[in-house]
Amino acid sequence: MHHLYVYPDQKMSKIEKEVYGNFSEHLGRCIYEGVYVGEDSEIPNVNGMRTDVVEALKEMKLPVLRWPGGCFADEYHWKDGIGPKETRKRMVNTHWGGVVEDNSFGTHEFFELCRQIGCEPYVNGNVGSGSVQEMNEWVEYMTFDGVSPQAVEREKNGHKDPWKLKYFCVGNENWGCGGNMTPEFYADNYRRYQTYCRNYGSNKLFKIACGANADDYNWTDVVMGKAARYMDGISLHYYTVPYNWKERGQATEFDEECWYETLNKAYRMEEILTKHEAMMDKHDPEKRIALVVDEWGTWFDVEPGTNPGFLYQQSTMRDALVAGLTLNIFNKHADRVRMANIAQLANVLQAVVLTEGAKMIKTPTYYVFQMFAGHQGATLLQSSMDRNEIGCEGRKVYDVTESASVAEDGTITVTLNNLSMTDANAVAVELAGYGIASVKGQVLAASPKAFNDFDEEEQVTVKDYTDFTLENGVLTANLPAASVVALTITKA
Ligand code: AHR
């Protein structure tokens, strides 16, 4: 039996809803087919956006969506994606499969997608192959309210009013696909590019600098050392890759060792965040600047027979546990981690939805985001739990992980992951000084390799959770092996 102590009086930082964000890149079938099918498609759509996908994302309470990349962002020239679709310039998507991009999904379409979902747009600018002028004009095009060359062009293209745009990132992975820059060179470029990303009217940009790859703490140190005063956030990318890039294996094929290897790699997020935060504290002790983990998730081999450049992978309970444990870590780092965007939205990497023609399925990861939605905008609570190390030699993990938060109306959300592939675990939850009136729960549990497929009824879906007792104010929850549980607790 584990003991989890939650302290409702010890309120920590707010968990920004943006921590539950997502990422959509012009990569494989993420945008085209996954989200956008065009107005003339037989697949039900509104202004070209798939109705099934938009509805699913609304239900999941998606708060923010990043676009257009990823590596694609640093070769994207936004002017190619506006105006009549028939005349939009085509380009080769050199990063992702070398396919021809027809630019039929551009700035207007992205804002329309966000409008339909009801989420904040997060736009990533091009530093690697774009000019300062190009970035400056894009911001003007999107946000200038009045008569200006770009605003007039926007109106000509059917959108008189400017859009509200808060989140803007200056470059992507500029240490790699975004130009192979040194941190010193990028920091100088960041200072220059961001200067011309103007705040027009009441629109105030939240400027994000390109941050580090995984454990490259020097990048954070140098970029913040040279440019901290010009940024509101700095990004971080960390993917869960079991073993190494050559031996990572397929999403649905893994043994016990690989299960724990994967979860152990995912758990590295804790150490990586802690060390980047320490570096940030050096330059920003007041914690003004947000750490934005705008790419994270599992990265396996592509499904057999699919384009290797499209990064299409299935998603099992292993992915659900990676999502659950990572989101619990993010919650606990709420004082710095104020946005995160899992990669990616549809049909790419750890997607929340997969599509095949007119069919759409929700992945186990989708349900985890839905179950954790109670944390969005709530306040993290101090909590502690005794737990055991399990797994294989060299790839140990904690058997149970948790986080707890309180919403404005006093409702407490507790999310628990049982990382054991084989054993159930019981957790006694004690909420100091909090009289419990009611408990509702949801559970996601299935055999570790279970996944949802197009031709079968869903194998992994969220269910009402009833396997708990409430005695003398102690709530005892029984967690099935390989499961995620969310508890919603109200006060007497
Ligand atoms: O998400 C896939 C790719 O991973 C992104 O384009 C890039 O930023 C990262 O390397």
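The model is predicted, with local features needing pLDDT of at least 70, side-chain atom pairs counting only at pLDDT 80 or more, and totals for chains, interfaces and linings using all residues. Residues are numbered from 1 along each chain as its sequence is written, and side-chain values use heavy atoms, leaving out hydrogens and water.

Here are the elements we will visit; helices (H or I, at least four residues) and strands (E, at least two) are DSSP runs, numbered from the N terminus.

| Element | Residues |
|---|---|
| helix α6 | residues 217-227 |
| helix α7 | residues 256-283 |
| strand β11 | residues 233-240 |
| strand β12 | residues 290-298 |

Let us start with the helices. The axes of α6 and α7 come within 9 Å and cross at roughly 25 degrees. That makes α6 roughly parallel to α7, a label for angles under 35 degrees. Contact means heavy atoms within 4.5 Å; among the residues that meet are Tyr 217 and Met 224 in α6, and Ile 272 and His 276 in α7.

Next come the strands. β11 and β12 pair in the parallel sense over seven bridges, where pairing requires that DSSP finds at least two bridges. Ile 234 has Leu 291 in β12 as its bridge partner. Nine of the nine residues of β12 are buried, that is, under 20% relative accessible area with a 1.4 Å probe, protein chains only.

Finally, Thr 316 lies in the loop between β12 and α8 (317-332). Thr 316 is buried, with a relative accessible area of 0%. Leaving aside neighbours within four places in sequence, its contacts include Ala 251, Phe 254, Pro 364 and Lys 449.

Note on methods
Axes are lines fitted to C-alpha atoms, for helices over the stretch in contact, and angles run from 0 to 180 degrees between N-to-C directions. Angles under 35 degrees count as roughly parallel, over 145 as roughly antiparallel, 65 to 115 as roughly perpendicular and the rest as oblique. Buried means under 20% relative accessible area, exposed over 50%, partly exposed in between (1.4 Å probe, protein chains only).
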